[in-house]
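Subject: Handing over the model

Hi,

Here is the structure I promised to pass on. Have a look at it first, and my notes follow below.

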Amino acid sequence: MRRPYIVMTLFVMLSIILASCAQATPPPAANLLEEVKNRGVLIVSSDPAYPPQSQLVENATRPADTKCSGDQVTGEELSGFDIDVSKEIAKRLGVEVCFVTPAWDLITAGSWADRWDISVGSMTVTPERMVNLYFSQPYYTTPAAFFVHADNTSLTQPSDLSGMKVGSCSGCTYDFFLAGTLQIPGETMNYVVQDVQFTGYDTDTSALQDLALGDGVRLDGVLTAQPTGAGVIDDGLPLKQLGDPVYFEYLSAALDKKSIKDSIPLAQEVSKLLQEMHADGTLLKLSQQYYGLDLTTAAGAFDLAQLKQW
Amino acid sequence: MAVETMQSYGPAGPDPDRSMGEKLMALEKRARLMYTLEVALVWVVLFVILTLALMLLNFDPRYVVEHFNFVLEGLWVTIQLALIAIAFASILALLGALGRLSTNPIAQGVSGFYISLFRGTPLLIQIYLIYLGLPQIGRQLTIMGYPQLGQMFTLTAFQSGVLALSLNYGAYMTEIFRAGIQSISYGQREAAVAIGMTRLQTMRRVILPQAVRIIIPDIGNQFIAMQKDTAQVSVMGIWELTFRANRLARQESKFIEMFITAAILYWILTIVSSWLESRLERRLAHAYER
Amino acid sequence: MLMNDKSIIQVEDLHKWFGMLHVLKGITFSVVPREVLVIIGRSGSGKSTLLRCINFLEDPSAGMISVAGVGVLTGPGIKPEHKKILALRLSTGMVFQEFNLFPHMTTIDNVIEGLVTVKRMKKDEAIPIGEKYLEKVGLRDKRDVHPIRLSGGQKQRVAIARALAMEPAVLLFDEPTSALDPELIGEVLDVMKEIAYDGATMLVVTHEMGFAKDVSDRIIFIDQGLIVEDGPPEQIFSNPKDERTRLFLEPLRKVQHL
């Protein structure tokens, strides 16, 4: 006798909750660019797992007047190339920058549920990612290069690694390059290394760690970003670069296609700002500061229109 | 020994039986002490071996010292996460257990479904779904015209972590609570009912206080397991212990240093937790000691 | 058995099935205030089940039970109101074979638990009442002790105090001495005797024929789920009308010196 009443009570309660919420006026519809400007804050995702693009700052103090919420990180608490680019974008938008630090997988998957506005995370433009994300004008390029153990003498050029044990991050562009399936809009691929025994890692730095254990112990080579490899060699890992870079990646800021508020205007605005930063030398200066190289000029010449995003 | 035993029966002492008892007690105490010392010695030896092994790892202690405070701050986040989540998990487990033991088909169905779902899927996927999936439901509700309700589905990373851990551990702990409640003899329930208590009063006043004592060690065990599973919430960018250690490790490729630092901090945390748990257990056992 | 307005317990045509097993096959009797009724019978005759049906520790399959003016009717398809059952339980106090004291509470807390939780009495009002009943069973000095430190006889006396503290209209005793060592039975029976002389209405299921003979006003003998004989102790023990009663009592006579 009582059971139908319980079910009915639940339904009635639920509908009352729904009804009471429905009476509230919906917020005015606006696009993401307007939202950012109204808010005065640009929320950028950047995992500080990738120095020198993004890393933690220890003993940083949060500015007292920050508009960042409790689970966001202020610009003071992170540093790196991506972080400086983010700050510059926010500055030119006239807003404060705040960071969130989710894992890389969550960023590339899209569907950010409006938790952050944009990723400035050195993300390579790929056709797969373009399904879920909008890409801005690239702000720099990354040469992809093979690294081997410093003790190795038998390998002289990348093609020598064919059929050997090669590691990198799984699901990233290096993985796809080794599988021979990488497509980079605006670039013709030359797959010089064939049929490797691939080992996937959570990040390519882990692969470099394994390579450093000894020549051929776990890996014969690692495919990674030239700056990443150079960085760990600087830190003392016994590795060396093998030959010239095998391809270049265009690295862009990315925005969620599935955000509630239209993200295209923000993507276009950020692209415009990045082109200005290419033009006035801001990005080149940052590139030389962090990498000692010009990684940006090619990115400035990239024709974003060929991606046909909007 | 035999001679001594004979002597203790002699007329010399005021109460020969008493001195015999004291002697036996002293021997027993000595044996217990020796045993404890031997166990401690094994620990020390194993610890030394572990330390030696670690020293072979090309370990840079200076890096640990320099960055220790920053990693340590993550420990507080870990403790907060685990404490809040174990509290919610216990509440969920209690409700789940009551549902499992209920004769009401709705309660039985809901709790059975909950346990099956959250024990049957990985914690990491639950974290992803709560962090990124829930807001999408909220978004649909917003589109349907319930923006305030929709907002409630977007939890912060910390809240998402607490929710995922609570739901996941609550499902596991349901069985612990159920077994604890069932271990209380039926006579206890009858005695309570016979003096006029309702089912709820019986549960609250008679069954649960006894069941809690029985399941405290299991809850403690789950708490310790959970402390380490908090590491999984770092995927949402919560700056807890593992996140900090991992990101610092990447800065200068000091993985061994940072991972060992994190491991030691987790280890200390679990040692302190189990010590607190055993104290609590002893306090609750008070009524059961003759 | 005639129903009359004076009776404090009325049981009418009570049936109990355990699955396919018909344990009580239509029991009818009544008890008047201040009466001490002892229920005897072989193991498995249904006497404990009868007692447990009176306060609904077992749900009767059919029949009517009324205690102190609260009547509950049950039968196939009739689900008695839970509120009525709670009211009925307030009119009955029960003492179990296995004592069933609450091990996590002190003696005094055991005794006042019903007063505080069920009767919503303030703790400092309940404590004097609890102490009074502990005094009654001679265990006032054990008020702050946990049950684990009590002997079996002491535990049962606390359990009696717990039942008394609720000041029920009727006391039900379900084999109160069966779990006790022989040397501890006496102290419990003495307490029960005293309560009986104080004028309590008692229903006692027991194998202690000495107690039945000396203390009871009336004895019911149950066999195979039916009341076989109902009468004053003198009649039951010296001149049973039914052959089955005589056969049940004959071997006990020798052991228990009746």
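Let's start with one residue: B:Q201 counts as buried because its relative accessibility is 9%, where buried means under 20% relative accessible area, exposed over 50% and partly exposed in between (1.4 Å probe, protein chains only).

Before going on, a word on the source: this is a predicted model, in which local features need pLDDT of at least 70 and side-chain atom pairs count only at pLDDT 80 or more, while totals for chains, interfaces and linings use all residues. Residues are numbered from 1 along each chain as its sequence is written, chains are lettered from A and ligands numbered from 1 in the order in which they are written, and side-chain values use heavy atoms, with hydrogens and water left out.

Back to B:Q201, which sits in helix α9 of chain B (helices, H or I of at least four residues, and strands, E of at least two, are DSSP runs numbered from the N terminus). What does B:Q201 touch, leaving out residues up to four places away in sequence? In its own chain there are B:G196 and B:V206, and across in chain C there are C:T117, C:V118 and C:R120; contact here means heavy atoms within 4.5 Å. A polar atom of the B:Q201 side chain is 3.1 Å from the backbone oxygen of C:T117.

That brings us to where chains B and C meet. Chain B puts 21 residues into the contact and chain C puts in 25. About 2,200 Å² is buried between them, 60% of it from carbon and sulfur atoms (buried area is the accessible area, 1.4 Å probe, that two parts lose on being put together, summed over both). Two salt bridges turn up across this interface, meaning a side-chain nitrogen of Lys or Arg within 4 Å of a carboxyl oxygen of Asp or Glu. One salt bridge pairs B:R205 with C:E113, with the closest N and O atoms 2.7 Å apart. On the chain B side, α8 (186–194) and α9 (199–229) each supply at least two residues, and α8(B) gives the most, with seven.

Finally, the inside. The largest nonpolar core has 172 residues (a set of buried Ala, Val, Leu, Ile, Met, Phe, Trp, Tyr and Cys residues joined through side-chain atoms within 4.5 Å). Helix α7 of chain B (residues 157–182) brings the largest share of this core, 11 residues.

Cheers

Technical notes
Polar contact = N/O pair within 3.5 Å; in protein donor to acceptor, adjacent residues only side chain to side chain.
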